[in-house]
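This report looks at selected local features of one protein model. Please keep the sequence and the structure in view while reading.

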Amino acid sequence: MPIVAGKSHRWRLIGAHGFLIALVLATSFPLAMVLSISLRPGNFASGSLIPDQISFEHWRLAFGISYVDVDGRVVLPPFPVMRWLWNSVKVAGVAASLIVALSTTAAYAFSRLKFRARTATLNTIVLLQMFPPVLALVAIYAIFEVIGAHVSWLGVDSLPSVVIAYLGQVALYVWTIKGYFDTIPAEIEEAAMVDGATPFQAFRRVLLPMAVPILAVVFILSFIWCIIEYPVASVLLQSEDRLTLAVGSRLYLYEQRYLWGDFAAAAVLSGLPITAVFLLAQRWMVSGLTSGGLKG
Amino acid sequence: MQPRYRRIGSRIAVALAALVALVSVYQLYLGGNLALAAACTAGFGLAFYVFTARRTYTYRYLFPGLAGIAMFTVLPLAYTVWIGFTNYSSKNLLTFERATEVVLGEVYERSSVRYQFTLRAAEHGFRIVLRTGGDDEAEAGAGSGSGSAARPPTEFITEALALTNTAPQRVAVVPLGGIDPGEPLPLKDVIARRDAIRAVTVLFPDGAAATMASLREFTPYQALYQRNPDGSLTNRQTGGRLTPNFQTGFYETATGDQIQPGFRVYVGADNYVRVFTDGKFRGPFLRVFVWTVVFAAASVIFTAGLGMLLAELLAWESLRFAGLYRVLLFLPYAVPSFISILVFKGLFNRNFGEINLILDGLLGLRPNWTGNALLARGMILIVNTWLGYPYFMLICTGLQKSISHDLYEASALAGAGPLTNFFQITWPLIRKPLTPLLVSSFAFNFNNFVIIYLLTQGRPDFLDTNVPAGETDILVSYTYRIAFEDSGQQFGLACAIATLIFAVVATLSVINLRLTRANVEERR
């Protein structure tokens with residue numbers, strides 16, 4: 001923004017740079033630190049930010065490979081990190097696909113079709129999405145205990161139960177997708193219907209292809225949400241094999257068994273792809289949300 | 001012809017789906033859960049109606065999404081409210097039916113009758129031979145009334161048993177009759193296999209059962225309680241009666257003693273009364289509530305304040321590398337929060353944490369971040385600010401871009417400085433669109449379970465209460481601890497508190513809806 005450049009201008013600039021650099025250092029300190037810790041030998045070793053001695057022992061363990069330490073003992077990986085990552089990806093992938101499918105059709109109805117109590121239903125959905133699932137943890141647990149008594153693969157301590165519990169996110173995304181559909185003129189589909197398309201064909205072949213950006217955005221947002229979700233997964237999952245990454249990571253840092261180095265490697269390993277996806281999606285999200293169906 | 005095939009195909013598909021639905025409902029029905037079976041039938045019925053009737057065409061699009069919201073959002077919320085009115089806890093864990101089954105499953109030893117047992121080698125494994133002594137049979141016969149033991153001394157024998165594992169098994173015995181069981185094995189063979197023998201329940205032809213009582217004896221046992229037509233249970237041993245008490249959720253004796261396990265019952269507003277009047281719960285609840293509000297408000301102020309300041313600074317045209325700063329400062333938002341919170345937990349560790357190492361080196365301090373209430377709260381706010389400011393930086397940058405440049409040019413001509421610019425132009429213009437986001441952020445932090453639980457788990461704990469609560473607990477983490485960490489597992493109480501949180505969230509949501517709508521209307 002244009003600002004009068006007075007005598008103090010130079011000093012202000014230097015001050016601003018100083019402040020920003022200090023803040024960037026403070027912000028990236030934990031991230032740099034965890035990278036450094038993952039490369040240091042041992043779990044208690046403390047040293048400078050740039051490790052004097054680089055060791056890949058924690059990285060080997062994170063990948064599930066055991067190694068032989070200096071005393072000749074074989075150190076086994078403490079936790080199945082790759083397994084957890086795979087569990088997380090499975091749960092998030094399935095849940096995000098179902099969320100997109102369920103919310104897209106509902107959003108189409110809200111955007112295009114006329115039915116009774118449309119506004120009231122929409123407002124209810126807006127209110128409902130404000131209640132995070134963490135408030136209903138006990139109920140979620142109790143519900144899956146009942147289900148598990150009849151259908152054991154869908155009970156407590158199973159990955160499908162977590163997927164089902166995550167579908168509550170649908171309420172959040174119906175609204176997002178509907179907003180995007182509203183920006184696409186209905187005339188395009190009406191033209192298709194004049195040419196003999198059924199409403200479903202108009203939806204499938206005309207509207208959906210134009211809505212791919214928002215579907216991708218919703219998929220990525222819900223995927224990331226599922227990956228980093230902690231409370232529901234921590235209540236529903238118990239056995240070590242079935243944990244998701246978010247629940248499992250906590251096991252590293254118990255006061256009695258403090259695996260700082262191993263945690264650091266696992267955190268970098270699993271955090272990097274998610275961070276990368278998020279940064280890429282961020283760009284996409286902005287363009288996906290701002291560009292409508294009509295270009296130019 | 002294609003549409004016709006398609007129609008036939010879709011009918012077959014519908015029929016198959018209906019078949020699958022019916023079979024699964026029938027399974028539920030057989031499993032004894034009538035309510036669940038009825039609910040599923042209703043749900044499937046509605047689904048088939050919507051997807052086959054012509055007049056419900058619109059609802060075909062709506063149904064999957066709305067059904068999903070009803071099942072996965074509304075049901076858990078409604079069920080939470082309902083549990084808040086029950087005594088669901090580790091003491092009253094089961095349904096009434098299950099609790100009755102458990103009580104009826106209790107057995108007692110009829111110690112007056114003893115069967116001497118011996119182990120005999122068989123071709124494949126071993127056989128157990130039981131022999132009733134002739135002395136006490138009359139007494140036993142009178143006690144049970146079955147008459148089985150009133151016969152002259154008899155011997156019974158099992159089929160050949162492997163006796164290699166300790167999994168419980170039930171084995172029928174037959175009268176020895178003319179079978180030659182071979183010689184009894186010495187006691188050391190019995191001792192070697194005593195765990196396997198202990199797992200064996202023998203069933204007599206008349207339906208009585210017996211298990212191993214000692215290395216030489218089996219004793220028969222019998223169900224302790226008998227169900228009466230009015231729902232009460234009679235104790236066969238003492239003759240006393242148990243009646244189910246639907247106020248307390250226990251079977252009770254005539255003198256009011258409660259029999260474990262209890263069952264879930266509706267207790268009205270008891271949980272709420274406890275939260276607000278019982279000193280044991282009221283004290284921690286109020287302290288936790290105050291900290292929840294302080295934490296949420298402070299988080300909003302810090303994250304929004306820092307985010308806004310950065311957005312302003314980075315919008316300054318003379319500042320070089322603004323793009324680079326923006327990317328670097330955005331980084332905390334992109335890292336998954338469960339990872340960054342755990343990283344901070346490690347960095348703040350009192351003994352091994354890098355932050356204390358640095359502070360120790362520079363100032364000679366080793367603050368106890370997790371043990372001291374004030375420091376723990378400070379640590380939480382530092383971490384939450386780190387996590388949250390990029391969001392507001394992003395939002396404020398966006399809002400500021402929508403402000404017309406002319407305004408700033410005019411103010412520059414008038415000789416205004418950055419502070420005047422902010423307070424006279426930027427803030428008045430971004431205040432309205434920003435307010436709903438601030439309220440959302442408050443609501444989010446009000447329920448920000450993850451940061452509390454992963455960073456401190458609510459610790460340090462209050463020393464003067466016996467419910468699990470700590471200085472850094474917010475309401476959601478407090479309910480989590482009541483429900484899942486306390487040995488009492490007071491689900492009912494936890495759900496009552498969760499219902500109170502619902503009220504707060506609902507109020508915030510309505511405020512937000514109003515604010516957003518007001519903004520939209522103003523723009524029109």
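Helices (H or I, at least four residues) and strands (E, at least two) are DSSP runs, numbered from the N terminus. The model is predicted, so local features need pLDDT of at least 70 and side-chain atom pairs count only at pLDDT 80 or more, while totals for chains, interfaces and linings use all residues. Residues are numbered from 1 along each chain as its sequence is written, chains are lettered from A and ligands numbered from 1 in the order in which they are written, and side-chain values use heavy atoms, with hydrogens and water left out.

## Loops

B:Phe321 lies in the loop between helix H9 (279–314) and helix H10 (322–334) of chain B. Its phi is positive, about 60°, although B:Phe321 is not a glycine.

The loop between helix H16 (449–455) and helix H17 (475–485) of chain B contains B:Pro460. The peptide bond from B:Arg459 to B:Pro460 is cis, with omega near 0°. B:Gln457 is found in the loop between H16 and H17 of chain B as well, and has a positive phi near 55° without being a glycine. With a relative accessible area of 11%, B:Gln457 is buried (buried means under 20%, exposed over 50%, partly exposed in between, with a 1.4 Å probe and protein chains only).

## An open sheet

In chain B, five strands form an open antiparallel sheet in the order E9-E10-E11-E12-E13; two strands pair if DSSP finds at least two bridges between them. Strand E9 (225–227) and strand E13 (258–259) of chain B each have a single partner strand, so one side of each is left without a neighbour in the sheet.

Helix H4 (residues 96–104) of chain B packs on this sheet and touches E9, strand E10 (233–235), E11 and E12 of chain B (contact means heavy atoms within 4.5 Å). Strand E11 (residues 241–245) and strand E12 (residues 250–252) of chain B run antiparallel and are joined by three bridges. B:Pro244 stands opposite B:Tyr251 in E12(B).

## A buried phenylalanine

Strand E8 (residues 217–223) of chain B holds B:Phe218. B:Phe218 is buried, with a relative accessible area of 0%. Leaving out residues up to four places away in sequence, B:Phe218 touches several residues, among them B:Arg114, B:Tyr115, B:Phe117, B:Ile128 and B:Met212. The C-alpha atoms of B:Phe218 and B:Leu359 are separated by 71 Å, and the two residues are 141 residues apart along the chain.

Notes: Axes are lines fitted to C-alpha atoms, for helices over the stretch in contact, and angles run from 0 to 180 degrees between N-to-C directions.
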